[in-house]
Amino acid sequence: MSDLTERIKARIANEGPLSVAQYMAICLGDPEAGYYTTRDPFGRDGDFTTAPEISQMFGELVGAACVSAYEALGAPEQFNLVELGPGRGTLMADLLRVARLRPEFIKATRLNLVETSPHLRSLQLEKLAAAPLEPAFHNAFREVPDGPVILIANEFFDALPIHQFVRTADGWCERVVGLDQDDNLALGAGAAKLSDRDIPAAFKDSPEGTIFETQPAANAVAEEIGERLAKSGGAAIVIDYGYRKTAPGDTLQALFRHTHDDVLAHPGDADLTAHVNFEALAIAAAKGGAGVLPVLTQGEFLLRSGLLERAGSLGAGKSHAEQESIRDAVERLAGPDQMGSLFKVLALTGTKRSFHPFDSAV
Ligand code: SAH
């Protein structure tokens with residue numbers, strides 16, 4: 001049994017059950033044994049592969065959207081380019097390569113990376129060593145210096161803790177991680193309750209066992225981003241897997257070496273994520289003052305951004321095998337049965353003004 005499992009059990013034995021949110025935060029962020037603290041989880045040897053790791057085209061097209069946002073802002077003399085949870089730094093490296101085509105963009109950029117993992121910070125520095133900008137690191141978005149912001153976040157929000165509530169005969173009880181008779185970790189209904197007020201009317205009469213999720217940590221960040229955009233101007237592009245409309249359902253999942261795993265089986269060694277509620281994020285950002293553009297699927301976003309044209313020019317003059325692998329990447333990124341539909345793209349602005357490729361969506 002891993003050291004982290006032992007520590008979690010000891011804590012539950014002493015202090016009582018943990019909320020799903022506390023459990024998720026410990027598994028991902030424990031300073032010694034947390035999933036992101038200790039490793040590079042990406043790629044074939046890791047547990048999952050993200051879009052920027054599939055193909056350089058992803059970061060390039062996000063970069064093109066950032067340049068459009070910059071133009072829509074009126075090409076400010078200085079702004080903060082911010083990435084939340086940059087992973088290996090691949091997206092940012094690809095983005096900056098495209099942005100260099102607009103030298104004023106690079107000149108105006110102060111690069112800010114919001115990353116809590118020391119291990120990933122060093123990978124990001126390595127990846128950006130050849131970039132024309134030096135990043136400043138922060139532990140949270142609120143530490144980013146004043147001024148306009150162009151922000152991107154790919155698969156960041158899904159890593160923030162969720163609370164789960166389960167419908168029982170006794171109301172909506174917070175789902176907790178406790179210990180069963182054999183001292184194994186077990187999910188159950190805890191004492192804390194969700195008030196009826198916090199459950200959308202449509203789900204009030206859900207059958208027993210129904211699960212309802214909230215993600216206050218994610219909503220708080222979205223609200224802070226909204227406040228900043230309203231105050232100083234800018235835009236944000238949030239990409240993640242998730243759903244457009246609030247709905248009941250258990251979306252907590254563990255991935256261990258590219259396969260689904262029991263969420264309690266490998267604390268700190270498996271990735272734990274939840275699907276993002278884009279409606280809740282949009283409401284929080286609007287509460288902060290941001291303009292919210294209609295949500296696109298990742299497939300729509302990439303195709304409108306010119307994925308097929310980019311794939312064509314990238315493949316021109318290359319070997320048959322290389323062209324095949326570019327075609328394969330297009331399918332993985334934009335295919336409706338792959339990442340194209342499950343992943344959504346939410347764009348926020350300081351004004352109501354849209355920018356490409358979101359403009360045609362209004
Ligand atoms: N955007 C990258 C990585 C996604 S994984 C990609 O697309 O490949 C999630 C990233 O968010 C990791 O870099 C992780 O260390 C970081 N992260 C997770 N929780 C965080 C938190 N609370 N604050 C800051 N960064 C966090």
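Biologist: Alanine 316 is found in the loop between helix H12 (307–315) and helix H13 (320–334). What makes alanine 316 count as buried, partly exposed or exposed?

Modeller: This is a predicted model, and in it alanine 316 has a relative accessible area of 55%. The cut-off for exposed is over 50%, so alanine 316 is exposed.

Biologist: How far apart are alanine 316 and methionine 24, in sequence and in space?

Modeller: They are 292 residues apart in sequence, and their C-alpha atoms are 45 Å apart. Methionine 24 belongs to helix H2 and is buried.

Biologist: What makes you call helix H2 (residues 20–29) enclosed?

Modeller: Seven of the 10 residues of H2 are buried, so this helix is largely enclosed by the rest of the structure. Buried here means under 20% relative accessible area. The buried residues of H2 are Val20, Ala21, Tyr23, Met24, Ile26, Cys27 and Leu28.

Biologist: Glycine 34 is found in the loop between H2 and H3. Why is glycine 34 called buried?

Modeller: Its relative accessibility is 0%, and the cut-off is under 20%, so glycine 34 counts as buried.

Biologist: How far is glycine 34 from aspartate 271, in sequence and in space?

Modeller: Glycine 34 and aspartate 271 are 237 residues apart in sequence, with 9.6 Å between their C-alpha atoms.

Biologist: Threonine 37 is found in helix H3 (residues 35–38). Is threonine 37 buried or exposed, and what decides that?

Modeller: Threonine 37 counts as buried, because its relative accessibility is 17% and the cut-off is under 20%.

Biologist: Which backbone atom does the side chain of threonine 37 reach?

Modeller: The side chain of threonine 37 reaches the backbone oxygen of aspartate 30, at 2.8 Å. The limit for a polar contact is within 3.5 Å.

Biologist: Phenylalanine 278 lies in helix H10 (residues 278–288). What makes phenylalanine 278 buried?

Modeller: Phenylalanine 278 has a relative accessible area of 1%, to be set against the cut-off of under 20%, so phenylalanine 278 is buried. From phenylalanine 278 to aspartate 240 is 9.0 Å, C-alpha to C-alpha, and 38 residues in sequence.

Biologist: How do you know that the length of helix H5 (residues 56–72) agrees with expectation?

Modeller: H5 has 17 residues, which should span 24 Å at 1.5 Å a residue. The end C-alpha atoms of H5 are 25 Å apart, and that agrees.

Biologist: What makes H5 count as largely enclosed?

Modeller: The count is 13 of the 17 residues buried, so H5 is largely enclosed by the rest of the structure.

Biologist: Why is serine 55 called a cap of H5?

Modeller: A side-chain oxygen of serine 55 lies 3.0 Å from the backbone nitrogen of methionine 57. The limit is within 3.5 Å, and serine 55 caps the N-terminal end of H5. Just after H5, glycine 74 takes a positive phi of about 90°.

Biologist: Which residues other than glycine have a positive phi?

Modeller: Aspartate 183 is one of them, with phi near 70°. Histidine 258 is another, with phi near 65°. They can be remarked on because most residues other than glycine have a negative phi.

Biologist: Where are aspartate 183 and histidine 258, and how is their accessibility classed?

Modeller: Aspartate 183 lies in the loop between strand E7 (171–179) and strand E8 (185–194). Histidine 258 is found in the loop between strand E11 (253–256) and strand E12 (259–261). Aspartate 183, with 47%, is partly exposed, and histidine 258, with 39%, counts as partly exposed.

Biologist: Why is the peptide bond from histidine 356 to proline 357 called cis?

Modeller: Its omega is near 5°, and the bond is cis. Most peptide bonds are trans. Proline 357 is found in the segment after strand E17 (343–349).

Biologist: Which residues are closest to the ligand, and how many surround it?

Modeller: The ligand is surrounded by 17 residues, of which the closest are Thr50, Gly85, Gly87, Glu115 and Asn154.

Biologist: Where does the ligand sit?

Modeller: The ligand sits in the largest pocket. The test is that more than half of its atoms lie within 2 Å of the grid points.

Note on methods: Residues are numbered from 1 along each chain as its sequence is written. This is a predicted model: local features need pLDDT of at least 70, side-chain atom pairs count only at pLDDT 80 or more; totals for chains, interfaces and linings use all residues. Side-chain values use heavy atoms; hydrogens and water are left out. Helices (H or I, at least four residues) and strands (E, at least two) are DSSP runs, numbered from the N terminus. The expected span of a helix is 1.5 Å times one less than its number of residues. Buried means under 20% relative accessible area, exposed over 50%, partly exposed in between (1.4 Å probe, protein chains only). A polar contact is a pair of N or O atoms within 3.5 Å; within protein, one must be able to donate a hydrogen and the other to accept it, and residues adjacent in sequence count only if both atoms are side-chain atoms. A residue is near a molecule or strand if one of its heavy atoms lies within 4 Å of it. On a 1 Å grid over the protein atoms alone, a cavity is a set of points where a 1.4 Å probe fits but cannot get out, and a pocket is an open set with protein on both sides within 12 Å along at least five of seven lines; lining residues have an atom within 4 Å of a point.
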